[in-house]
Amino acid sequence: MARIGVFICHCGENISRTVDVVKAAQEASGFRGVVHSIDYKYMCSSPGQALIKQAIKEKNLDGVIVAACSPKMHEPTFRRACSEAGLNPYLCEIANIREQCSWVHEDKTVATPKAVDLMHTMVEKTRKDTDLYHIKVPITKKALVIGGGIAGIQAALDIAEGGQKVILVEKEPSIGGHMAQLSETFPTLDCSQCILTPKMVDTARHKNIKLYTWSEVIDVKGYIGNFEVTIRKNSRYVREDLCTGCGMCWLKCPQKKIPSKFETGLGMRTAIYVPFPQAVPNIPVIDKTTCLKLLKDRCGVCEKVCPTGAIDYSMKDEIITEKVGAIVVATGYDLISCGLYGEYGGYKDVLDGLQFERLLSASGPTAGEVKRPSDGKTVESVAFIQCAGSRDPSKGISYCSKICCMYTAKQAMLYKHKVHHGQAYVFYIDIRAGGKGYEEFVLKGIEQEGTIYLRGRVARVFRKQDKLIVRGMDTLSGKKIELAVDLVVLASAMVPNKDITNLYQKLSVSYDRYGWLSESHPKLKPVETSNAGIFLAGACQFPKDIPESVAQAGGAASKVLGLFSQDELAKEPLVAKINTLVCNGCNMCVQACPYQAIELKDLKDKQGKLIRRIAEVNPGLCAGCGVCVTVCPSHAPDLAGTTEEQLYQEIVALG
C-alpha cells in the first residue's frame, strides 16, 4: 500500500471526550504511506461516508483506516462506502479506539497516545492488505425446522407460505409442543387448542411442508446453503398410509396404566396411543418399552382389532438423509424437576405449572375439575409459589424465567372460574408483567377474582393431616405466615430440554452455561447463531411467552426467505488457506477445526502416483476462526485478511 487515508470519528463524545482526535489526526498524517488524515464528529453518518468516498477518488487512495468503534458495529458500513467509491472493501480496516481505548481510559494524556498506536498498527497491517473477493456458494432452497412447538410450526408455515420447501422434525408423536398442554392463554384467556389446532392442521396439509414426527436429527454436516442432515424416523409400528385414526387399537389395548407424558404423569395411557385427541398426525404409536407383543411376543390385540391392517410389529427405524440450505432451531424448553425442592416436601399435591394446566384443562385427566391428585377431593384452596428455582443461585439458576408471574396470575384466575368458593394465594418476590395488557391482567386477578398476593419466599411446605402447610414470611407486614391449603403449585424454572446440547454440538452452535442457545448478536442479530445459516426461534434461546415465540419464529423465517431469495450466497472471503508447499499432512488441523472445514487430500504426480497427503480447506465451511493456524507445526495455514505477515507488521508498529 502506498496511499492510505485515515479517518477518525469523534463518535459524538464517546471518543473525543477521552481522546484528542485533532492531535491524533495530526500524528496519523506522519505514518508511512498515509497521504490523508482527518477527524469528523460522526464518521458513520452519510456526510462522514461521503468524506471517505471523496478522499478515495481525489487522493487516489488504495487503503483506508477508520478509527472509530468496534468492527462489529460499522465495519460493513465503511467497507460498503469504500466499495461504492471503487476501492476493494477488504482494503478498509477499522482501528477500534472506542471500546479498546476511550471507554477504558479517563485520562486524555494516556488515551490519546494509545489511540495513535492502535491506528499505527492498522496502517501497517493495511500496507500488506490484498484484494479479496466474496466466495460464491450455491444454495439448496429447502429449510429444516427442528421442533414442532408453536415456534417451529410458525416458522415452518411462514417459510412454506413464502414458496419454499420445509422439513419439520418433531421428536414426539405429534406436533404442538407445550402449548398443546395449556388450558387457556394469557392475557386474553383464549382456548389454547382453539388457536393452536388450526395451525397444526395447516402444517400437516401444506404442500410445501414435509412432516417427520416421532423423529430426531442425529447428524448435521455442511455449511450455509448446503447442509446435509440425517434424521432417524423412529418406528411407530403403525402404517401411516393405512391408519385412519379410528381409535380401536388404543380402546382395546389391555395395557392401560402407563403414566402419560402429555398429562405430566397425572393421567394414564395405553401402550399404543396418541398423546392427545387433537394430535397431528392423528396416528398412534406403540411404546416398545411397555408393549407386551414387542417385549414378550404376547397380546397382539391391537393388530387383531385394527380394521385396516395398519399394525405392523416388524417395522424398523428409518434413516433419512435430506439436503437443506438453512436450519431453524425451535427445540423449546422444559421445567426444572420438582424433586430439587426439598423444602417443598415432594408430596403428590405439590405440582408444577404444567401439571396444574392439565388439571384445569377440559381434556385433562380430571376433565377440568380441580381435584387433588392424592385423594381426588375438590381443591378448596391453593397456594402458588413464584420463583421456584428461578432467581435462585442455590439451585444453579440465577435467571428469571420471565413468564411465571403471568401464567401464575392466569392459573389463579382460572382456578376461581372452576372453584368459585375457592381461595388462591400467591407468594411472590416481585411481579414482572412486561407486555401489552399484562399489568392489567394481573390487577384483574387481584381486584376482580380475589387472588391474595403475599410478598415473600416460602421457607417450607409440609403435610399436617389432610392439608399442606405453607410456611413463609410476608415481608410487607413483617409477619410470619402459615397457611393450610389443599394444593401447592410451583412456578418452576424453565430450563433447556434434557440432553439438548448433544444436538447443539452437532449443529456447531454456541450455547450458554445453562444450555440456552446463544444468538450471534443480542441486538443486531437476535435470531442468528454463530454458525451461518442456522437460526433461532422460541424458547430454545431463553424463556419466552407465546407471542414472543411466534414473533421470533417469523423473524427466523424471514431470514431464511431472504437467504433463499438468491441463487448463490456471497460469503466473506476471510477464510483459511493452506500453503501446500510446506503442508506435511500431519492431520492436526483436521482434528482441531471446530467446523469440520478441513480434510486431507491425496497429492499425486502426473502418473497418478501418490506423492503425499495435504490439507485442503472447504471455503464454504470455514468460519475464519484461525484454530488451524495455531496448531499447525509447519505453519502451512494462513488466514486471509489476518495473515501472519500482517500481524508481524502490527507488532513492529508497536515496537
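**Terms and values in a predicted chain**

Author: Buried residues make up 52% of the 655 residues in the protein chain. This is a predicted model, in which local features need pLDDT of at least 70, side-chain atom pairs count only at pLDDT 80 or more, and totals for chains, interfaces and linings use all residues. Residues are numbered from 1 along each chain as its sequence is written, and side-chain values use heavy atoms, with hydrogens and water left out.

Reader: Why is Tyr237 called buried?

Author: Buried means under 20% relative accessible area, exposed over 50%, and partly exposed in between (1.4 Å probe, protein chains only). Tyr237 has a relative accessible area of 10%, so this residue is buried. Its phi is positive, about 60°, although Tyr237 is not a glycine.

Reader: What makes Asp297 count as exposed?

Author: The relative accessibility of Asp297 is 55%, and therefore the residue counts as exposed. Asp297 also has a positive phi, near 55°, in a residue other than glycine. Asp297 is found in the loop between helix H8 (292–296) and helix H9 (301–305); helices (H or I, at least four residues) are DSSP runs, numbered from the N terminus.

Reader: How do you know which residues of H5 and H14 meet?

Author: Contact means heavy atoms within 4.5 Å. Among the residues that meet are Ile150, Ala151 and Gln154 in H5, and Ile546, Ser549 and Val550 in H14.

Notes:
Helices (H or I, at least four residues) and strands (E, at least two) are DSSP runs, numbered from the N terminus.
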